[in-house]
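Here's a walk through the packing and local geometry of one protein model. Have the structure open and follow along.

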Amino acid sequence: MILFLDVEGAFPNVVTGWLIHNLKKQHIPVVYIMFIKQFHTGRRTRLKFNDFVSESIEILNRIGQGNLLSMILYILYNADLLEITGDEEKEDSVGFVDDIAIMESFEETTNRLNHLMSKEDGGIQWSQDHNSRFEVSKSVVLHVTRKTQQDPEDDAKHIQLDRPKLRLLGKEIEDIENVKYLGVLFDTQLRWTQQAQRATANMTKWLR
């Protein structure tokens, strides 16, 4: 079972203090930390709409989107989120910038994922501390298994295993059959059919 989390407004919501804390935690050299702190402190901007120009506004939170460092800095910023898993045999997490996937073994997956997200220092606590709200409506869950069970209505037929519903922040997470993550199409049985079809179509397009 894989939970794909969507972080709303990743770069604009970065809290400078937490960013500096994480840089120190990852043992980034002090000279780089000081440079990054100075770069993200004391910044101001103005808003312009038609003929209106606002007063100068202090920017308290952000990583400059488009900045060459922004991708690396956000990877370090959300490093704690990738460490909420504990059981190496049953749990894992991967992420690139604001694309996060948390993986669980199929047994008791719903309860374990709920625990990972709601426990102290879990995913929801990270979201609150780091000013990075999860867009629950855009988050999805993929049950990954090739196992089946006997159809209670037809002894000669096998159907998918029961899929317990996952709820986060009072909302039910959408259960899907396939998902695109970092350019790769995942399906519930990991047969990569859609990914192969997509790759073949792209290859055919370029060969024409």
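At what angle do helix H1 and helix H3 pack, and how far apart are their axes? Helix H1 (residues 16-25) and helix H3 (residues 70-77) pack at about 80°, with the axes 9 Å apart.

## Ground rules

This is a predicted model, where local features need pLDDT of at least 70 and side-chain atom pairs count only at pLDDT 80 or more, while totals for chains, interfaces and linings use all residues. Numbering starts from 1 along each chain as its sequence is written, and side-chain values use heavy atoms, with hydrogens and water left out.

Helices (H or I, at least four residues) and strands (E, at least two) are DSSP runs numbered from the N terminus.

## How the helices pack

Two packed helices are described by the angle between their axes and the distance between the axes. Here the axes are lines fitted to C-alpha atoms, for helices over the stretch in contact, and angles run from 0 to 180 degrees between N-to-C directions. Angles under 35 degrees count as roughly parallel, over 145 as roughly antiparallel, 65 to 115 as roughly perpendicular, and the rest as oblique.

Back to the opening pair: helix H1 and helix H3 pack at an angle of about 80°. That makes H1 roughly perpendicular to H3. On the H1 side, Trp18, Leu19, Asn22 and Leu23 meet Leu73, Leu76 and Tyr77 of H3, contact meaning heavy atoms within 4.5 Å. The residues of this H1 with H3 contact split into six nonpolar, one polar and no charged. For those classes, Ala, Val, Leu, Ile, Met, Phe, Trp, Tyr, Cys and Pro count as nonpolar, Asp, Glu, Lys and Arg as charged, and the others, Gly among them, as polar.

H1 also packs against helix H2 (residues 30-39), this time at about 170° with the axes 10 Å apart. H1 and H2 are therefore roughly antiparallel to each other. Leu19, Ile20, Leu23 and Lys24 of H1 make this contact with Ile33, Ile36 and Lys37 of H2. By class, the H1 with H2 contact has five nonpolar, no polar and two charged residues.

## Aromatic pairs

A pair of aromatic rings is described by the distance of the centres and the angle of the planes. Rings of Phe, Tyr and Trp (its six-membered ring) pair if their centres lie within 6.5 Å; planes under 30 degrees apart count as stacked, over 60 as edge-to-face and the rest as tilted. By this rule the count comes to eight aromatic pairs. One of them is Phe4 with Phe186, a tilted pair at 6.4 Å centre to centre and 55° between the planes. This pair links distant parts of the chain, with Phe4 in strand S1 (residues 2-6) and Phe186 in strand S15 (residues 184-187), 182 residues apart. Phe4 is buried at 7% relative accessibility, and Phe186 is buried at 17%; buried means under 20% relative accessible area, exposed over 50%, and partly exposed in between (1.4 Å probe, protein chains only).

Then there's Trp126 with Phe134: the centres are 6.1 Å apart and the planes at 25°, so the pair is stacked. Trp126 is buried at 5% relative accessible area, and Phe134 is buried at 4%.

## Around Phe186 and Trp192

Which residues do ring pairs link into a cluster? They are Phe4, Tyr181, Phe186 and Trp192. Leaving out residues up to four places away in sequence, Phe186 touches Leu142, Glu177, Asn178, Val179, Tyr181 and Trp192. The C-alpha atoms of Phe186 and Leu142 are separated by 8.6 Å, and the two residues are 44 apart along the chain.

Trp192 sits in the loop between S15 and helix H6 (193-207). Trp192 is partly exposed, at 34% relative accessible area, and has a positive phi of about 60° although it is not a glycine.

## Two loop residues

Asn50 also has a positive phi, near 55°, in a residue other than glycine. You'll find Asn50 in the loop between strand S3 (48-49) and S4, and this residue is exposed, with a relative accessible area of 74%.

Is Ser54 buried or exposed? Ser54 is buried, at 10% relative accessible area, and lies in the loop between strand S4 (52-53) and strand S5 (57-58). The Ser54 side chain reaches the backbone nitrogen of Leu47 at 2.8 Å. Not counting residues up to four places away in sequence, Ser54 touches Arg46 and Leu47.

Key
A polar contact is a pair of N or O atoms within 3.5 Å; within protein, one must be able to donate a hydrogen and the other to accept it, and residues adjacent in sequence count only if both atoms are side-chain atoms.
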